[in-house]
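Q: I'd like to learn how to read a model like this one, feature by feature. Could you walk me through it?

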Amino acid sequence: MQELIAEIEAVVGPQGLVQGDAVRARPATVQGGECQAQAIIRPASTEEVSRVLRLCHDARQAVVPYGGGTGLVEGAVAAPTELLLSLERMNRIEEVDMLGRAMVLQAGVPVQRVQDTAEDAGLFFAVDFGARGTATIGGAISTNAGGNRVLRYGMLRDQVLGLEAVMADGTVVSSMQRFIKNNAGYDLKHLFIGSEGTLGIVTRAVLRLRPMPRSRHTAMLALDDYQHVQELLALLDAELGGTLSGFEVMWNDFYRFIIDGPSGHRPPLGVEHGYYVLVECLSADPAPTNSRFQAALEAAMEQELVSDAVIAESRAQQDALWAIRDDIPTLLQLMAPLLPFDISLNLHEIDDFVVDVRARLAQRWPEVSSVAFGHLGDGNLHLVVAIGQDTPERRRQVDDLVYEAVRERGGSVSAEHGIGKEKLPYLAWSRTAEEVALMRTLKACLDPKGVLNPGKLLG
Ligand SMILES: Cc1cc2nc3c(=O)[nH]c(=O)nc-3n(C[C@H](O)[C@H](O)[C@H](O)COP(=O)(O)OP(=O)(O)OC[C@H]3O[C@@H](n4cnc5c(N)ncnc54)[C@H](O)[C@@H]3O)c2cc1C
């Protein structure tokens, strides 16, 4: 190993390598823990990534790519025998193409800097999520991140025009195009998007930028029937002409828990309703009030889908409504030990799933409780389960119970965060045997020695 590390140092220089106590001084992820890697490699260019991977490939040395360490499924966690390859020095925005509405950049740029740089140019990068300040664009691409505006703009996959990646043997595959259409053969960038660093290391990308929305309209609606939640989504989607960007649903227990919690939120609506829907539209209309948005909400009221509603009239009121939806710290503080689930299901099955899982949990462990919320516009549910007793057996049993209910409905055990190490046992619960076999074929073909992020995604 020391010989290999010396060869790597000759490529990346002393500033490109972290060893010994300095490795342990780094956290394994933003959630904590100690970095266990043998060493951390910090290349400064694609060329250096390529040369490092060639050396590791020849030595059959496992390499774990690392962006900002914000992933939630232990995808970027390295074992003591592995090398961590951090993209932290590859953090340059190379170009903002104003007319082409594209940004060319290196993979280590934090998501928030992408957003801010786009905004400075009068443009908009559409993907947004809580970890934006630390998560890198390379990590976001490798996990196909989602977040709050997927309903309108799609996931990270939909923002990537071009990509450069280094394969396990050091081969650089560059598809740095700036145009949307390219049907000349396989669209290879999709091999690397969402593959969690198991097929290649993303080094550069061309991101699609959008026109900056001129106004934002936000409301919170109370509903008492899940059928109405579905009808409301269909109505708003149709009435808002493609501008609906957020449709976040909170079940009564989530809303009540947050409102009663220590954060001191002023309740915008009474706590007696079954569901609370935070809706948002991003519009090109510069007017501070949006007649189409109001008309759509009025139509929902007239059709008696909605029991009560509040429309935000200022930026502060918008932020206050979102603060309720985003108050995860209250859950972490009051429900620990907890297990957060991030799953996808057909929209019409989600409420039934919540009722069913709660009944199964209560039957087995009466002390276990849960709250439900999520990006329902995307079919994405977050179920947070307070597991009571914090033992690995209990965690595994609760996982099994919840994912079994997902499997029965043909849902996905991972809506946003990937499989990593944490969800390994459950990949085959949401993919057919043929799908998993094809994934393994791809992995074996592109990384026959298994050096890229072994033990993640496919095990
Ligand atoms: C508070 C909070 C809120 C979050 N909200 C959301 C959300 O709404 N939606 C969502 O989708 N995610 C969310 N996440 C999860 C996380 O932020 C995303 O998955 C993010 O995209 C990971 O980026 P990262 O740079 O931190 O990657 P890391 O955590 O460093 O790595 C994630 C995975 O990608 C691989 N990887 C990293 N960089 C590269 C690269 N350059 N090339 C190849 N592989 C690489 C790693 O090996 C690992 O498997 C949230 C996380 C937190 C802490």
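This is a predicted model: local features need pLDDT of at least 70, side-chain atom pairs count only at pLDDT 80 or more; totals for chains, interfaces and linings use all residues.

Q: How many residues of domain 1 are in contact with domain 2?

A: In general, the size of an interface is often given as the accessible area lost when the parts come together. Here we can count residues: 15 of domain 1 are in contact with 20 of domain 2. On the domain 1 side, α3 gives the most, with 7 residues. By class, that side has 5 nonpolar, 8 polar and 2 charged residues.

Q: Next, the ligand. Which residues are the closest to it?

A: A shell can be read by its residues, then by the elements that supply them. The ligand is surrounded by 36 residues, and the closest are G67, G75, G138, G139 and G197. Two or more residues of the shell come from each of β5 (63-66), α5 (137-142) and β12 (201-208). Of the elements, α5 gives the most, with 4 residues. By class, the shell has 15 nonpolar, 18 polar and 3 charged residues.

Q: Is R60 buried or exposed?

A: R60 is exposed because its count is 9 other C-beta atoms within 10 Å, and a residue with 12 or fewer is classed as exposed. R60 is found in the loop between α3 (46-58) and β5. Leaving aside residues up to four places away in sequence, R60 touches K449 and V451.

Q: Now the sheet: in what order do the 7 strands lie?

A: The open sheet runs β17-β14-β16-β15-β19-β20-β18, with antiparallel pairing. At the edges stand β17 (308-311) and β18 (338-344); each has a single partner strand, so one side of each is left without a neighbour in the sheet. From one strand to the next, the twist averages 15 degrees.

Q: Which strands does helix α12 touch as it packs on the sheet?

A: For a packed helix, read the strands touched and then the angle. Helix α12 (residues 328-335) touches β18, β19 (369-375) and β20 (380-386), and its direction makes about 25 degrees with that of β20. Helix α13 (residues 350-364) also packs on the sheet, touching β15 (244-251), β19 and β20, and the direction of α13 makes about 15 degrees with that of β20.

Note on methods: Residues are numbered from 1 along each chain as its sequence is written. A residue is near a molecule or strand if its C-beta atom, placed from the backbone, lies within 6 Å of it. Ala, Val, Leu, Ile, Met, Phe, Trp, Tyr, Cys and Pro count as nonpolar, Asp, Glu, Lys and Arg as charged, and the others, Gly among them, as polar. A residue is buried if 20 or more other C-beta atoms lie within 10 Å of its own, exposed if 12 or fewer, and partly exposed in between; C-beta atoms are placed from the backbone. Two residues are in contact if their C-beta atoms, placed from the backbone, lie within 7 Å. Two strands pair if DSSP finds at least two bridges between them. Axes are lines fitted to C-alpha atoms, for helices over the stretch in contact, and angles run from 0 to 180 degrees between N-to-C directions.
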